[in-house]
Amino acid sequence: MFKTLFKNRGEWIAFLATIILLAVILPLVMPIFRLNLIGKYLTYGFVAVGLVLLWGRCGVLSLGQGVFFGLGGYCMAMFLKLEASDPESTAIQSTPGIPDFMDWNQLTELPAFWVPFKSFPFTVLAVIAVPTLVAFVIGWALFQRRVGGVYFAIITQAIALILSLGIDGNQGWTGGRNGITDLRTLLGWDIRSESAQYILYFVNLILLFGCVLVSKYVTNTRIGRVLVAIRDREDRVRFSGYNVAVMRAVTFAIAAMFAGIGGAMFVLQVGFMSPSLIGIVPSIEMVIFCAVGGRLSVIGAVFGAIIVNLGKTTFSEASPELWLYLMGGTFIAVVMFFPKGLAGLMEKLFSLKAVKAGFASLGSKMKGLVSKSDAKAEEETSSTTPLETPTTNSGK
Amino acid sequence: MEYSWEDLRAIFVMQGFAGISLFSVLLLMGLGLALIFGQMGVINMAHGEFMALGAYTVYFCSELTQSLAPSFGPYYFVIAIGLAFLGSALLGALVEWAMIRHLYHRPLDTLLATWGLSLILQQTYRSIFGAREVTPELPGWLMGSFSVSDTIDIPINGVFVLGLAIAVTCGVLLFMFRTPFGLRLRATVQNRKMSGAVGINTEKVDRLAFAIGCGIAGIAGAAFTTIGSTGPDSGSRYIVDAFLVVVFGGAASLFGSVVSAFGIAQAQSILEFFLEGTMGKVATLFFIVVVLMFRPQGLFPGKVRSN
Amino acid sequence: MIKPTDQQTFLLEVEGLGVSFDGFKAVDDFNFYMDRGQVHVIIGPNGAGKTTVLDLICGRTKATSGNIRFNGKEIRGMNEHNIVRLGVGRKFQNPSIYEGLTVLENLELSHPKGRGVFSCMVFRRTEDIQKRIEEVAEEIGLLEFLETEASILSHGQKQWLEIGMLLMQDSDLVMLDEPVAGMSVRERAETVNLIKKISKNRSIVVIEHDMEFVKQIADRVTVMHLGKVIAEGSMEHVQQNPKVIEVYIGH
């Protein structure tokens with residue numbers, strides 16, 4: 001199992017270092033306000049990890065991951081909103097017991113699709129199932145008809161636009177442009193308290209690393225190789241007896257499921273959900289989180305989400321103008337000069353070190369100064385080969 | 001709500017004409033894209049910003065005329081259209097040279113890189129022209145409308161823009177099918193290696209095609225100024241619609257783009273009257289996406305994609 | 001593998017097969033019957049529709065008319081992967097292998113176990129599979145290259161690897177599109193041996209131009225011209241056929 005998850009020592013060390021950084025160092029040195037922000041960025045990490053599988057491995061670029069982030073987020077937000085709208089706290093409304101925005105829009109009854117979200121188990125199920133199923137159906141319909149590459153990107157982008165405009169336009173049902181706000185408690189537990197924020201941060205982290213491990217497993221077993229094979233030689237895979245459409249649709253669904261979990265965790269940690277988080281612009285930004293981190297590296301994707309968002313917060317406070325130039329420049333630079341992103345840069349750095357280490361161990365071996373096991377370990381590091389080169393990393 | 005037969009007729013005609021202005025802009029956007037995407041397979045996410053550049057060019061000319069030669073007011077617009085084309089085409093050629101040509105074999109990466117470019121261009125417009133939307137001083141002859149009946153008014157600017165769109169479309173078709181360059185372009189699209197082997201400078205062909213596509217977006221921007229005011233993100237608001245026009249029409253078919261631009265614009269415009277706010281647009285886009293799921297090759301599939 | 005119980009039926013029956021592209025009939029009323037354990041070569045001038053016939057049989061191109069029965073089952077209109085799963089393997093004209101993977105991984109991916117999404121996720125390389133991979137690698141002469149990345153193999157070795165992938169799939173019918181194109185004389189000779197060896201327990205359809213090669217391997221030959229069959233029989237038989245001489249061999 002361990003060998004399946006981590007191909008070599010480098011991957012294992014990167015994974016461990018990330019856990020130590022996010023689960024130990026940051027919580028110790030950061031005030032809760034900052035840590036909560038990191039937690040928010042990490043919810044985008046879910047989307048980026050999914051994109052590594054979908055785009056990096058399988059060569060399918062979705063510009064509509066915000067849709068699934070939003071579906072998961074709205075499911076959670078609807079539950080929290082209903083909890084916040086009990087008849088007592090909404091007694092001043094003309095119809096008590098329904099969310100405030102419905103009351104403002106002269107709704108007198110809870111719409112039918114809201115009713116099941118009174119149940120927490122249903123909500124948890126919906127957070128996972130809704131994005132997954134929607135993605136599978138869309139993916140299957142398109143991949144079955146051999147839609148891929150830029151066509152898939154455009155259609156998913158259009159879906160992101162449709163969903164964000166649709167939510168925006170139906171204020172009474174969805175809260176419209178403002179989104180669903182004032183979310184305070186989860187099953188009576190105040191999610192805005194300091195202790196709750198700590199707990200949610202760690203829950204978020206555990207779920208995220210769960211997703212990281214799932215995608216590492218998928219990448220390193222046969223299905224991962226099949227996905228890369230589909231990316232590089234679709235026809236051959238089909239004539240090896242694989243159902244390419246289903247393989248892709250399942251990958252799309254897994255990526256969507258991750259995004260949905262991320263959306264739900266976003267709502268829990270930030271306390272609201274709105275269409276501005278799921279439209280065209282946020283969806284394509286999610287792709288850049290993945291590209292900056294390295295489209296082939298799941299750990300890279302997590303860092304990509306943190307770094308880009310950190311940059312966004314820092315710069316857009318100081319000088320929003322500069323941020324847009326920087327963001328635009330990042331898109332261009334990553335694509336043209338660093339197609340493997342930060343993970344690629346790190347690999348280069350470490351493989352250089354590894355080569356040096358290899359020489360060093362060779363030298364000391366001759367002097368007979370190191371024990372055999374040490375030398376062996378050094379050898380392992382130096383033979384660390386980079387991930388397969390993305391010859392056609394962008395599909396058709 | 002109840003509408004009488006008369007009302008409905010008037011609504012359809014009026015919204016139909018409003019739709020025609022939208023049609024003209026979408027068609028011009030779509031034509032440029034069809035040239036770049038349909039023929040060269042490049043996704044230019046900054047296409048909307050080339051359109052905005054055209055619109056800003058017209059605005060700039062208008063301001064210049066106002067302050068330097070007010071008497072030239074009635075005529076500047078025609079020249080501004082030409083400048084809008086040139087400006088966008090020049091920028092397009094520059095972008096092709098600096099960026100696109102390195103990415104021809106990586107279409108998805110082109111998409112991301114041009115998105116980055118669009119962010120940079122938007123911010124540049126914001127820095128130069130401000131975040132507020134601007135409107136050029138349109139010449140008098142473009143204003144007003146003629147009344148066909150008591151309930152039906154037809155705006156002149158709509159008719160002008162339609163004429164412009166038709167003229168550009170005919171121009172592009174003539175250019176593609178009746179000039180030596182058009183022949184070279186079509187040859188390059190069909191077989192790049194072979195075209196290079198028979199002595200066509202494919203690099204030059206690519207650059208020119210990209211530049212012309214962007215130039216047409218510039219004209220779209222000029223047309224746009226007659227129906228709306230221009231802001232830094234005006235272009236990006238049309239980009240998804242424009243891509244859907246091309247994909248829905250069938251990527252390699254210029255004729256398909258015309259038909260689908262018309263259908264999409266009319267549907268949006270008429271539905272907007274009956275549905276609230278943006279829901280007309282949502283309904284139209286939703287319909288298109290569903291159709292594309294079942295018929296991904298679009299309305300008029302070309303032979304280029306059959307492979 | 002050949003099941004003795006249904007020896008009486010043909011392995012592959014193609015009747016009245018036709019396809020047209022924009023009115024152009026690339027294949028027209030094509031009939032083709034194949035016994036088990038045969039090497040059947042399709043020859044014909046360029047543009048005769050040979051590759052299209054293979055495309056039609058394996059489902060890559062959808063036929064406009066006719067029937068294709070494999071082991072008595074109608075396969076026309078089925079998806080490619082389902083046809084493959086029934087036991088039809090296809091090699092492309094240009095070697096189509098996974099360049100970034102090793103020879104071993106290439107063969108492993110072609111193993112029929114783990115073609116579904118979930119069986120794929122739990123797939124393990126068992127002893128049996130490892131043995132089978134080595135067997136096939138031995139047969140195609142790549143045993144010592146198991147750990148080599150496929151991209152650095154020679155052109156001929158790539159062709160063999162692709163044939164090996166079809167062997168891994170356990171196909172009853174193997175279709176080879178110009179397997180010796182671009183090969184050296186020595187590689188050709190080895191390919192002849194390979195095809196003879198693997199035809200012992202499966203049927204093989206080959207498209208080829210090289211007449212010497214065809215003579216060495218063919219049990220039966222079908223000659224195509226402009227989408228139609230113009231002659232069929234043994235190599236000597238079709239070589240006598242005046243029509244064939246006119247359109248093809250006489251050139």
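Helix H4 of chain B covers residues 107-129, and its 23 residues should span 33 Å at 1.5 Å a residue; the expected span is 1.5 Å times one less than the number of residues. The end C-alpha atoms of H4(B) are 32 Å apart, which agrees. Helices (H or I, at least four residues) and strands (E, at least two) are DSSP runs, numbered from the N terminus. The model is predicted: local features need pLDDT of at least 70 and side-chain atom pairs count only at pLDDT 80 or more, while totals for chains, interfaces and linings use all residues. Residues are numbered from 1 along each chain as its sequence is written, and chains are lettered from A and ligands numbered from 1 in the order in which they are written.

Of the 23 residues of H4(B), 17 are buried, so the helix is largely enclosed by the rest of the structure. A residue is buried if 20 or more other C-beta atoms lie within 10 Å of its own, exposed if 12 or fewer, and partly exposed in between, with C-beta atoms placed from the backbone. Just after H4(B), Gly130(B) takes a positive phi of about 90 degrees.

Two pairs of chains touch, and the pair with the most contacts is that of chains A and B. Two residues are in contact if their C-beta atoms, placed from the backbone, lie within 7 Å. The contact between chains A and B takes 37 residues from chain A and 34 residues from chain B. On the side of chain B that touches chain A, at least two residues each are supplied by H4, helix H9 (234-249) and helix H11 (279-294) of chain B. H4(B) gives the most to this side, with 14 residues. By class, the side of chain B that touches chain A has 23 nonpolar, seven polar and four charged residues. Here Ala, Val, Leu, Ile, Met, Phe, Trp, Tyr, Cys and Pro count as nonpolar, Asp, Glu, Lys and Arg as charged, and the others, Gly among them, as polar.

Chain C is in contact with chain A through 23 residues of chain C and 23 residues of chain A. Helix H2 (80-86), helix H3 (103-109) and helix H4 (117-121) of chain C are the elements that give two or more residues to the side of chain C that touches chain A. The largest share, four residues, comes from H2(C). This side of chain C divides into 12 nonpolar, six polar and five charged residues. No contact joins chain B and chain C, and their closest C-alpha atoms lie 10 Å apart.

Chain C has 10 helices and 10 strands. Its C-alpha trace spans about 55 × 40 × 40 Å along the principal axes. For 251 residues, a compact globule would have a radius of gyration near 18 Å, and the 18 Å of chain C agrees; the radius is taken over C-alpha atoms, and the globule rule is 2.2 Å times the number of residues to the power 0.38. Of the 251 residues of chain C, 46% count as buried. In chain C, 66% of the contacts between residues at least 6 apart in sequence join residues at least 24 apart.

Four strands of chain C form an open antiparallel sheet in the order E2-E1-E4-E5. Strand E2 (24-34) and strand E5 (73-74) of chain C are the edge strands, each pairing on one side only. Strands pair if DSSP finds at least two bridges between them. Strand E4 (residues 65-70) of chain C pairs with E5(C) in the antiparallel sense over two bridges. Lys73(C), in E5(C), is the bridge partner of Phe70(C).

Chain A contains 17 helices and two strands. Buried residues make up 49% of its 396 residues. Of the contacts in chain A with a separation of 6 or more, 80% join residues 24 or more positions apart.

The largest nonpolar core has 280 residues. Such a core is a set of buried Ala, Val, Leu, Ile, Met, Phe, Trp, Tyr and Cys residues joined through C-beta atoms within 7 Å. The residues with the most contacts inside this core are Ala48(A), Leu51(A), Leu26(B) and Leu28(B). Helix H12 (residues 244-270) of chain A gives the largest share of the core, 19 residues. Not counting residues up to four places away in sequence, Ala48(A) touches several residues, including Met286(A), Phe289(A), Cys290(A) and Ala305(A).
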